[in-house]
Amino acid sequence: MSDSREQILSRVRAALAPLPRRAPLPDWEPALVALRGQRADADPWALFAERLKAVNGTPLTSVAELAALLEAEGWRHGYCDPQLWPSLREAFPASFIVETEFDRTRIDDYQFGITAATGAIAETGTLILSDRDTSRRLGALAPWVHIATLRREQIFADLSAAVAALPADPNVIWVTGPSKTADVEGILIEGVHGPGLQIALLVDR
Amino acid sequence: MAGQPIDQFAARLPADKRAAVYLGTKTTHEKRTQLLFDQFADPDRLRRLAGEIKQHVLENLDTYLTQAEAQLKAHGAQVHWAATAEEACGAVLRIMQARGATKMVKAKTMVSEEIGLAPFLERHGIEALETDLGEFIVQIDRDHPSHLVRPIIHKNRREIAQSFEREGLGAYNDDPETITRRARQYLRHKYMAANVGLTGANFVSAESGRIVVVTNEGNSRFSLAATKCHIVLVGIEKLVPRDRDLGLFLNLLARSATAQALTVYTEFISGPKLPSQPDGPEEMHVIFVDNNRTGVLASDCREILRCIRCGACLNVCPVYRQVSGHAYRSVYPGPLGAVLSPLLAGGHFAEKADLPKASSLCGACNEVCPVDIPLPDLLLRLRDKGKRAHASLAAAGTPPMGAWAILASTPGAWKLALAAGRILNVLPLGLIPIPALRAWVGKRAVPAWRGGEFRKWMRDRRKP
């Protein structure tokens with residue numbers, strides 16, 4: 001394989017050798033990709049919530065509201081990050097079965113999963129998850145409903161700010177609304193492999 | 001005159017497929033344009049900037065490749081190099097065999113199509129399952145994708161329902177939601193049982209080694225949550241210099257490809273999972289694939305390697321809209337494919353020499369390209385290359401020009417023809433017995449034939 005490495009690199013060098021000069025690396029300012037008419041909301045959550053709704057996501061501001069939504073749909077069996085559960089449990093009726101260990105042999109048992117977000121992007125309604133803060137990748141993906149808890153100060157204004165602050169984590173994922181496809185005749189269907197319902201829960205005190 | 005192969009294909013394409021491809025591409029193109037121009041003050045400036053950044057990467061590719069390699073290794077990933085398709089397939093197989101792995105879940109990657117990975121692995125007793133819904137349907141049908149972003153743009157729901165029924169995925173039901181739910185239920189257990197997850201890469205940041213993979217369905221994420229080994233198959237041209245450049249490219253990619261501000265799942269991967277994370281790959285391999293990209297880099301068409309595979313040039317192309325993707329007889333269809341496929345073919349260039357002719361040179365592909373590839377120029381360069389190589393396909397569908405060549409290079413015959421042309425001034429053109437020609441001249445004023453006037457002027461001018 002190291003032969004192939006040398007072979008490829010030497011072919012690249014040979015291909016570029018005849019060029020009289022190399023194209024320079026242009027510099028650019030993040031302002032260039034700022035969205036038109038972007039508001040600087042005093043409350044970043046307000047803009048984030050609006051954009052999350054625009055991509056068919058669901059912003060919620062209270063645990064009671066979350067429990068009521070799940071109850072109304074009959075989704076009473078779920079997974080919750082063990083660190084988050086103590087602060088959330090009192091809002092959930094006793095009829096709920098919430099596991100703080102995710103059993104990968106029973107992925108279909110979990111109707112919802114609650115994990116912590118690392119951040120969010122207001123202009124796109126995007127939730128940011130990383131290995132550091134996500135207790136289980138599967139818990140945030142396999143259930144029909146994913147709830148990411150988020151604090152106001154974690155919200156970035158725009159995509160460039162989020163890129164600039166990419167954490168030193170081997171895995172960071174931006175989630176912009178529920179999983180979707182338009183493969184069959186261009187018709188939008190949500191909940192393909194990931195959640196069909198993507199919730200952001202504000203947990204400010 | 002048999003016409004170009006692409007014309008022959010188009011003539012056989014059923015009308016409903018043509019209509020589906022036309023509608024699908026037109027809708028996406030219109031939404032893309034609206035989104036870009038609504039949301040950015042100067043989207044053309046973004047395209048040009050992205051093109052300049054990619055051109056810079058290509059012209060310094062050796063530096064960026066070694067930088068990315070060092071970063072990936074520093075983060076615990078293993079880096080492999082494959083000069084050919086065979087080497088790339090072999091590298092994947094060796095990684096699988098070293099782990100005793102027999103089951104792979106695959107995300108959508110065009111380079112895996114290019115090297116024929118899934119059929120290769122199947123021949124070696126490995127299940128390599130496509131997980132993108134469209135690619136999964138392509139796979140069970142033993143078909144080929146016909147669009148970079150929407151692989152089954154050429155299939156309707158009835159055909160898909162029949163395929164699902166045949167594969168034992170439930171009784172016939174052509175409701176798109178039911179089709180999607182059945183695939184969800186079937187595939188999620190496949191992820192859990194698989195040993196290895198394979199993805200492509202939309203971008204690789206040389207600065208940090210971050211691999212960026214985007215999907216709307218979440219299939220790539222599922223394989224990176226369920227399996228313990230991640231293989232990334234990536235063409236050597238997929239690099240960007242810095243993390244912050246990703247801010248520009250991600251803004252352009254989703255809008256150009258699917259008219260979204262961002263693809264639903266945008267994943268940044270720089271190595272195996274954190275030790276504290278229970279799910280995900282403990283082992284990560286990155287395979288840099290050449291497969292004659294270095295040949296393209298050495299050609300006068302190297303700009304094509306800027307391509308980020310968004311499909312915008314397919315969606316806007318009047319030829320693609322009429323013929324669909326399979327007409328290009330290549331993994332890469334559309335204007336991009338008409339340039340890239342003959343070039344990647346290397347020594348087999350002549351077999352694809354007709355593809356650069358499958359264009360009206362209207363220039364729409366260049367106007368929508370998020371990395372500003374001068375596609376019409378490249379198509380012309382390849383037409384020229386085909387002619388110079390005397391590739392017979394490069395002349396397919398071209399009217400014979402032999403008589404014209406004799407006329408234009410024999411002064412006596414030329415003068416005679418110019419004089420004879422005056423007959424057009426007295427013929428009643430409205431009565432031409434060929435209906436198409438009659439309709440054409442009926443809508444236009446044919447200027448009076450003045451053949452020979454220029455020669456006369458030149459002759460008179462020389463006189464003192």
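## Close-up views of a predicted two-chain model

**View 1**

View 2. Which strand is joined to β7(A) by five bridges? It is strand β4 (residues 112-116) of chain A, and these two strands also run parallel. To find your way, look for Gly113(A), whose bridge partner in β7(A) is His146(A).

**View 3. Strand β7 of chain A and its two faces.** Is strand β7 (residues 145-150) of chain A enclosed or open? Six of its six residues are buried, so the strand is largely enclosed by the rest of the structure. Both faces are covered. On one side you will find Val145(A), Ile147(A) and Thr149(A), and on the other His146(A), Ala148(A) and Leu150(A), all of them buried.

**View 4. Where chain A meets chain B.** Here 62 residues of chain A are in contact with 77 residues of chain B. On the chain A side, the elements that give two or more residues are α1 (2-16), α5 (159-164), β9 (171-175) and β10 (180-181). The most comes from α1(A), with eleven residues. What kinds of residue make up this side of chain A? They divide into 34 nonpolar, 14 polar and 14 charged.

**View 5. A strand pairing across the two chains.** β9(A) pairs with strand β9 (residues 265-269) of chain B in the antiparallel sense, over five bridges. A handy place to look is Val175(A), whose bridge partner in β9(B) is Tyr265(B).

**View 6. Two packed helices in chain B.** Helix α16 (residues 334-344) and helix α18 (residues 375-388) of chain B pack with their axes 10 Å apart, at an angle of about 40°. That angle makes α16(B) oblique to α18(B). Their crossing is left-handed. From α16(B), Pro335(B), Ala338(B), Val339(B) and Pro342(B) meet Leu375(B), Leu378(B), Leu379(B) and Leu382(B) of α18(B). The residues of this contact divide into eight nonpolar, no polar and no charged.

**View 7. Stepping back to chain B.** Chain B has 22 helices and ten strands. Of its 464 residues, 52% count as buried. Its C-alpha atoms fill a box of roughly 95 × 55 × 45 Å along the principal axes.

How values were computed: Residues numbered from 1 in each chain as written. Chains lettered and ligands numbered in written order. Predicted model: local features only at pLDDT ≥ 70, side-chain atom pairs only at ≥ 80, totals over all residues. Helix = DSSP H or I, 4+ residues; strand = E, 2+ residues; numbered from the N terminus. Buried ≥ 20, exposed ≤ 12 C-beta atoms within 10 Å, placed from the backbone. Contact = placed C-beta atoms within 7 Å. Nonpolar A, V, L, I, M, F, W, Y, C, P; charged D, E, K, R; others polar. Pairing = 2+ DSSP bridges. Axes fitted to C-alpha atoms, helices over the stretch in contact; angles between N-to-C directions. Parallel < 35°, antiparallel > 145°, perpendicular 65-115°, else oblique. Left-handed = near helix turned anticlockwise from the far one by under 90°.
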